[in-house]
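I am opening a notebook on a structure that is new to me. The entries follow the order in which I looked things up.

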Amino acid sequence: MTAPLLSAKGLKIAFGGVKAADGIDLDIAPGEFVAIIGPNGAGKTTFINMTTGYLRPQAGHIHFDGAEITGLPPRSIVRRGIARSFQIPQLFTEHTVIENVALKVAAHGRFWRGLRPLLDAETATTAMRLLEQFGLADVATARATELNEGTRKLTDIAMAMALKPRVLLMDEPTSGVASSEKFGIMDTLVAALRAEGVTAVFVEHDMEVVERYADRVAVWSQGKILAAGPPATVLADPAVLREVIGVETKHAHA
Amino acid sequence: MDRRLALPAFAGAALVIALAASAPWLKFVFTIALAKGLAVTGILLLLRAGQVSFGHALYIAVGAYTVAFTRPHVGEMLLLLPLAAAAGTIVGLAVGLFVARYRDIFFGMLNLAFSMVFYSLLEKLYEYTKGTDGIRVARPTIAGMALERVDYEWTMLIGGIALALALGWLASRFLASPLGQALPAIKTRETRLEFAGISAKRVLLVAYVISAALAGLGGGIIACTTLHVTPLLSYWTHSGELVFIAILGGGGSVLGPYLGAIVYELVRVYAAAAFPDGWQMILGAVLLLIILFAARGLWGIYEDLVLRKGRRA
Ligand SMILES: Nc1ncnc2c1ncn2[C@@H]1O[C@H](COP(=O)(O)OP(=O)(O)O)[C@@H](O)[C@H]1O
Ligand SMILES: [Mg+2]
């Protein structure tokens, strides 16, 4: 097996009495698409928060491309090539869609460029190409507040992709998206990620999406990884079914 | 400045000159207003990031006292004003490194605190500052020319207008740049900036230092116009006045601060003459009306009246 691109060892963090991570070990190979599933409160978002520097683990180590990144601030982690999107899209609400993406393009390129406008020809072209890739060209000049949930999710992910990451961590890319749209969004997304050769980790509640798009799935439960492996095997495991799918069915009716 | 701004900017400049020619004392009022407009432009940058400073009179005082202290050794305005801006920059950097870490009420109050410390220093260090008496400033030369009063005042006014136009243009360029566009991003989603690899603190610090430089320059102009500086320049009411003008003028355009400052100074002067005891009440009522009915300030009213209508026609 090739050396992992992203590697977590023994991650622990607790909030009060709640163990949101209780010894997380996970290796992600270059080019892999790994889905994270598990009930609400299992610690899936917390894993992303620790990996991107938003939370510092109380124990354990995170390595990226062979170098330790544990506890580094978000800014230095993202510069190394790990970007993320958010469970609730975090858009710049006073800006348009293209400006949202252009800010990220500039952040990755020449942000300190003096008085040259944000939307100069070069940045505007790059941002527009990304929007086209994500099927967002039509809403380029819409304000971020005017979008529906699916479009906001895609914008949020396009913003992360503007940073040209090597690893992209996505927190529930299809939640809040109409089920008729979810495969469309995932197809767009996965095509864009594959085209750029990006390694991806995504938290997902929809088992159909997991089966269809994940190379591997890791099952989270109370801060631990209950099982990990190919979707066909893992999703057939009765223990996993009890822990996750049971909860999921309840969610589907809620 | 794009074309939408160039026309009102030059028309406004012409109007100011015409009015100043009609009433001699208006030259003084307008020059002070333009100087405050510079400082308010800095307030506007910080407002874009959602931050309100209640202490920027500090930098006006720093600029003004820099002129007062160096005037005995430096007789030339073209040196005095850059020195005032440089002093504002340096103090702004020192204070900014500290306050740029804070947000909202803490940001506002820390600025207030720094300005009040400076105020009491100016008052207490009588040996250097002559306390509340303040320091007289001898009229400097302008580009080597020792001008008589009327010519001096005209040169100050025209120079002030030229500076306002040039710096207004620069400010609008700045606001369109990635750095300027990151300011509203601090207001709406600061953490997302960090997740883009950008230090929000550093972005705010740059805006802060620019705002301090602008206020320092404004203070230098005020000292060269009033020819007398006192600690009152840094008093908190004057910081509040800058925020007042920013809201009055409106944050939507780099011309808002100048529009606000000119209207403010005119209302203040006329209202103070007509109602010596009640003019503050009039200003308060005006601010109340603006906040309630025209949140985008005077510039917003202008946009609604002129630009929107123009586009529809
Ligand atoms: N910053 C935090 N402060 C306190 N508790 C937190 C924080 N982040 C997460 N938690 C708690 O940790 C647990 C795991 O949360 P999270 O990672 O968001 O779960 P998931 O994403 O799997 O639904 C939850 O009980 C949550 O309330
Ligand atoms: Mg979550």
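Entry 1, chain A as a whole. I began with contacts (heavy atoms within 4.5 Å). Among contacts in chain A between residues at least 6 apart in sequence, I find that 65% join residues at least 24 apart. The model is predicted: local features need pLDDT of at least 70, side-chain atom pairs count only at pLDDT 80 or more, and totals for chains, interfaces and linings use all residues. I note the conventions too: residues are numbered from 1 along each chain as its sequence is written, chains are lettered from A and ligands numbered from 1 in the order in which they are written, and side-chain values use heavy atoms, with hydrogens and water left out.

I looked up the radius of gyration, which is taken over C-alpha atoms, with a globule rule of 2.2 Å times the number of residues to the power 0.38. A compact globule of 254 residues would have a value near 18 Å, and chain A agrees because it has 18 Å. I put the C-alpha atoms of chain A in a box along the principal axes, and the box is roughly 55 × 40 × 40 Å. Of the 254 residues in chain A, 54% are buried; buried means under 20% relative accessible area, exposed over 50%, and partly exposed in between, with a 1.4 Å probe and protein chains only. The accessible surface of chain A is about 10700 Å², and carbon and sulfur atoms hold 53% of that surface. The areas come from the Shrake-Rupley method with a 1.4 Å probe, and for residues only the protein chains shown count as cover.

Domain bounds come from an automatic or database domain assignment. For chain A the assignment gives domain 1 (1–81 + 165–254) and domain 2 (91–163). In the contact I find 19 residues from domain 1 of chain A and eleven residues from domain 2 of chain A. The C-alpha centres of these two domains of chain A are 25 Å apart.

Two strands pair if DSSP finds at least two bridges between them. I traced an open sheet of four strands in chain A, ordered β2-β1-β4-β5 with antiparallel pairing. Its edge strands are β2 (18–28) and β5 (67–68) of chain A, each pairing on one side only. Helix α1 (residues 44–51) of chain A packs on this sheet and touches β1, β2 and β4 of chain A, and its direction makes about 115° with that of β1(A). For such angles, axes are lines fitted to C-alpha atoms, for helices over the stretch in contact, and angles run from 0 to 180 degrees between N-to-C directions.

Entry 5, strand β1 and its partners. Which residue stands opposite A:Ser7 in β4(A)? I find A:His63 there. Strand β1 (residues 6–15) and strand β4 (residues 59–64) of chain A pair antiparallel over five bridges. β1(A) and β2(A) also run antiparallel, joined by eight bridges. A:Lys12 stands opposite A:Ala59 in β4(A) and opposite A:Asp22 in β2(A). A:Ile13 faces A:Ala21 in β2(A) as its opposite residue. The hairpin of β1(A) and β2(A) has two residues between the strands, and A:Gly16 takes a positive phi near 60° there.

Entry 6, the six-stranded sheet. I traced an open sheet of six strands in chain A, ordered β6-β7-β8-β3-β9-β10, with mixed pairing. The edges are β6 (82–84) and β10 (224–229) of chain A; each has a single partner strand, so one side of each is left without a neighbour in the sheet. Strands β3 (residues 33–37) and β9 (residues 216–221) of chain A pair in the parallel sense over four bridges. The bridge partner of A:Val34 in β9(A) is A:Arg216. Helix α5 (residues 149–161) of chain A lies across β6 and β7 (167–171) of chain A, at about 160° to β7(A).
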